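Here's a quick tour of a protein model for someone new to reading structures. Have a look at the sequence and the 3D view, then work through the points below.

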Amino acid sequence: MSTITKVTPLKPITVNVDAYLGLNKYEVDEGNPHIELVEHPDARAFGELVRACPAGLYKLDADGSQHVDFAGCLECGTCRIVAGGGIVASWRYPAATMGVEYRYG
């Protein structure tokens with residue numbers, strides 16, 4: 001005997017992530033980045049970081065140029081998990097008093 005389960009449709013996502021990220025405070029250690037990539041990152045692996053980073057720090061231009069801005073890093077470690085041992089050469093938490101300070105939630 002089989003049972004039929006009624007599935008209710010999912011509600012659309014209405015959270016504006018950029019608005020919440022804008023509430024955070026960042027102290028950036030400009031001369032000492034806490035994430036370092038290899039010198040010439042593989043385009044496919046970099047594309048994985050573009051899709052995986054919740055803060056959107058990894059960007060690809062239309063011509064394929066790669067850009068990284070660690071100033072808005074959430075220190076979640078997603079890039080370390082996705083590309084650690086590959087194009088992420090080094091990942092560590094920022095020095096004391098540096099990095100993100102969450103201001104919402």
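Threonine 97 sits in the loop between β5 and β6 (99-101); strands like these are DSSP runs of E with at least two residues, helices are runs of H or I with at least four, and both are numbered from the N terminus. Keep in mind that this is a predicted model, where local features need pLDDT of at least 70, side-chain atom pairs count only at pLDDT 80 or more, and totals for chains, interfaces and linings use all residues. Residues are numbered from 1 along each chain as its sequence is written, and side-chain values use heavy atoms, with hydrogens and water left out.

**Positive phi in loops**
- Threonine 97 has a positive phi of about 70°, although it is not a glycine.
- Is threonine 97 buried or exposed? At 73% relative accessibility, threonine 97 counts as exposed (buried is under 20% relative accessible area, exposed is over 50%, and partly exposed is in between, using a 1.4 Å probe and protein chains only).
- Glutamate 75 isn't a glycine either, and its phi is positive too, near 60°.
- You'll find glutamate 75 in the loop between β4 (66-68) and α3, but this one is buried, with a relative accessible area of 17%.

**Aromatic pairs**
- The whole structure holds three aromatic pairs (ring centres of Phe, Tyr or the six-membered ring of Trp within 6.5 Å; planes under 30 degrees apart are stacked, over 60 edge-to-face, the rest tilted).
- Phenylalanine 46 and tyrosine 58 have ring centres 5.8 Å apart and planes at 80°, so they're edge-to-face.
- That pair links distant parts of the chain, with phenylalanine 46 in helix α2 and tyrosine 58 in strand β3 (residues 58-60), twelve residues apart.
- Phenylalanine 46 is buried at 1% relative accessible area, and tyrosine 58 is buried at 3%.
- Tryptophan 91 and tyrosine 93 are edge-to-face as well, because their centres are 4.9 Å apart and their planes at 75°.
- Tryptophan 91 is buried at 13%, whereas tyrosine 93 is exposed at 54%.
- Phe46, Tyr58 and Phe70 make up one aromatic cluster.

**The nonpolar core**
- The largest nonpolar core has 16 residues, and those touching the most other members are Ile35, Leu49, Leu57, Tyr58, Cys79, Ile87 and Val88 (a core is a set of buried Ala, Val, Leu, Ile, Met, Phe, Trp, Tyr and Cys residues joined through side-chain atoms within 4.5 Å).
- α2 (43-52), α3 (78-83) and β5 (88-91) each supply at least two residues of this core, and the largest share, three residues, comes from α2.
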